[in-house]
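I opened a new notebook page for this structure. The entries below follow the order in which I looked things up.

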Amino acid sequence: MIAFAILTGLAVIGVARFLQQRQDFENATSRSYQREIEARNQLTRGEHPAAARATIVSQQSKRQALRNEISSETRDTALLVGAGLIAGLTGAALLFTGLISSMRRPLEDLVDASGRLAGGDLDARVEIGGLSETATLGGAFNEMAEELQRRAGERDQLDRMKDEFVLTASHELRSPLTSVQGFAELLLLEREKLDPKQAETVEVILDNTRHLVRLLNDLLDLARSDAGRLAIKPVPTDAAALVEEAVRTMRAQFDARAQRLELEIEPGLPRVEADRDRIRQVLVNLLTNANEYCPEGAGIGVKVGRNDADVEIDVSDDGPGIPEDQLAHIFERFSRGDAGETQRVGGTGLGLAISKSLVELHAGTIDAESAPGEGSTFRVRLPAIASPDRAELN
Amino acid sequence: MARVLVADDSETILLLLRTRLEIEGHGVETAADGQQVVDAVRDATTPHDIFLLDAMMPRKSGIDALRELRGEGVETPTLIVSAHTDGGNGEDHADLAIDAYITKPIDFDRLFAKIAELTGGT
């Protein structure tokens, strides 16, 4: 940088000197002509002819000397200016290249860090340096990343507080609910002492308490799932037996609505790794939905079979079906049928969301297929345990 | 019928448990925290047939009381009542010889069946 300034300065000085020398030469030459002209006038007038002649000759040779001098000085100056210019231009070129590269590095770093930040690496920062412009840019980037990281931290903390709150609240609510349910049951133990109206009132209290308990259990499951604390204890399980068990527990509800329930089980199914209570919960949830959302007299089919490396459990019905816009959100929380249905059915609106979490904890999948007027099918797939005996048989 | 030692820090739940157990014909002694449980067991002239302890109580929990009693060689069958749906607070307590966890709200049919099973009653 300094060298470049000096060289450029030198070139400027050279040019200035050249101009000054040129001026001096012009002045000296014109003075010399003046003297020669005066001498020639003297000669014409016949005054001191010898001296005049001598002056003419000396002025002519003086001008010759001046010309020689100026041409050599011009050459020197030109050299100086040329050298200065070349050096200056080289310097400028070098400086420019340096400038570009000193900007390029920080910009490349910035692009790289932005990519990492966008990819979720909130630790991404750039080194601040180089030109003041890129340094400012880098500083701004780092501040932004800092802010993002701070907010992400706050959000995580809020999430944890929410999970903790739900866990604690559902725990604390359980004791008073135990009393309400317990004493309502106690009253019904002496039903013969109550008049029918009173007995019915107690039944209502009990129904609502049970609903509240279900809601609480579901919320607790979801909070656990969100907090990554929904644990399963899988053991090798006969899925078909589990399905039969779930169907048995639900049989009375289907009979109460005059619904036909058909169970079809493929023989020789491999076992699955399953937490029996949790998979039973999923199956009961699907059967309860079919029972409650289908009209009286509807047909419900449960099929257990093999699908590649999975055991597949289908629960299908010939009920009203699910409109496309609802089907898309059916596994989301509190996503339910239309308001009238919901009122009648009275579930918690959390069952399918929990079922999905539970099935996925088993490394399985759950999906739904339906169209209005064409019934619905819910399909659960659980990975089968690879049986060496079976492999040999095949 | 069985002599049951019941512990819960909620008076209402103690009343509920006492009433239901007495209707079933059991003899009931109550305790409001773990220390009362330990004291009741030490002072008992006739040993209890079964303990029904709330897992979480202030001062001394049912679990801590049971640990202390097991340390003294008390082998009485024990049911732990817990507000947690996943059983024993996520912990196993395998060393405490807990016979079953009863979750709140209490399923009394299951509770009575367990008591009968553990005390050899019907």
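This is a predicted model: local features need pLDDT of at least 70, side-chain atom pairs count only at pLDDT 80 or more; totals for chains, interfaces and linings use all residues.

**Confidence.** I looked up chain B and found a mean pLDDT of 89, with 92% of its residues at 70 or more. For the complex I noted an ipTM of 0.87 and a pTM of 0.61 from the predictor.

**Sheet of chain B.** I traced an open sheet of 5 strands in chain B, paired in parallel in the order 2-1-3-4-5. Which strands stand at the edges? They are strand 2 (27-31) and strand 5 (100-103) of chain B; each has a single partner strand, so one side of each lacks a neighbour in the sheet. On average, and with direction ignored, neighbouring strands of this sheet are turned by 20° against each other.

I then checked one pair inside the sheet. Strand 3 (residues 50-54) and strand 4 (residues 78-82) of chain B run parallel and are joined by 4 bridges. Leu52(B) has Leu79(B) in strand 4 of chain B as its bridge partner.

**Helices on the sheet.** Next I looked for helices that pack on this sheet. Helix 2 (residues 34-43) of chain B does so, touching strand 1 (3-7), strand 2 and strand 3 of chain B. I noted about 155° between the direction of helix 2 and that of strand 1 of chain B. Helix 4 (residues 108-119) of chain B also packs on the sheet, where it touches strand 1, strand 3, strand 4 and strand 5 of chain B. The direction of helix 4 makes about 140° with that of strand 3 of chain B.

**A helix pair in chain A.** I turned to helix 5 (residues 239-256) and helix 6 (residues 276-293) of chain A, which pack at an angle of about 35° with their axes 9 Å apart. Their crossing is right-handed. Among the residues that make the contact, I listed Leu242(A), Val243(A) and Met250(A) from helix 5 of chain A, and Ile279(A), Leu283(A) and Leu287(A) from helix 6 of chain A. By class, the residues of this contact are 10 nonpolar, 4 polar and 3 charged.

**Where the chains meet.** How many residues does each chain give to the contact? I found 15 residues from chain A and 14 residues from chain B. On the side of chain A that touches chain B, helix 3 (132-189) and helix 4 (196-226) of chain A each supply at least two residues. Helix 3 of chain A gives the largest share of that side, 12 residues. I sorted the side of chain A that touches chain B into 6 nonpolar, 7 polar and 2 charged residues.

Key: Residues are numbered from 1 along each chain as its sequence is written. Chains are lettered from A and ligands numbered from 1 in the order in which they are written. Two residues are in contact if their C-beta atoms, placed from the backbone, lie within 7 Å. Ala, Val, Leu, Ile, Met, Phe, Trp, Tyr, Cys and Pro count as nonpolar, Asp, Glu, Lys and Arg as charged, and the others, Gly among them, as polar. Axes are lines fitted to C-alpha atoms, for helices over the stretch in contact, and angles run from 0 to 180 degrees between N-to-C directions. A crossing is left-handed if the near helix is turned anticlockwise from the far one by less than a right angle, and right-handed if clockwise. Two strands pair if DSSP finds at least two bridges between them. pLDDT is the predictor's confidence in each residue, from 0 to 100.
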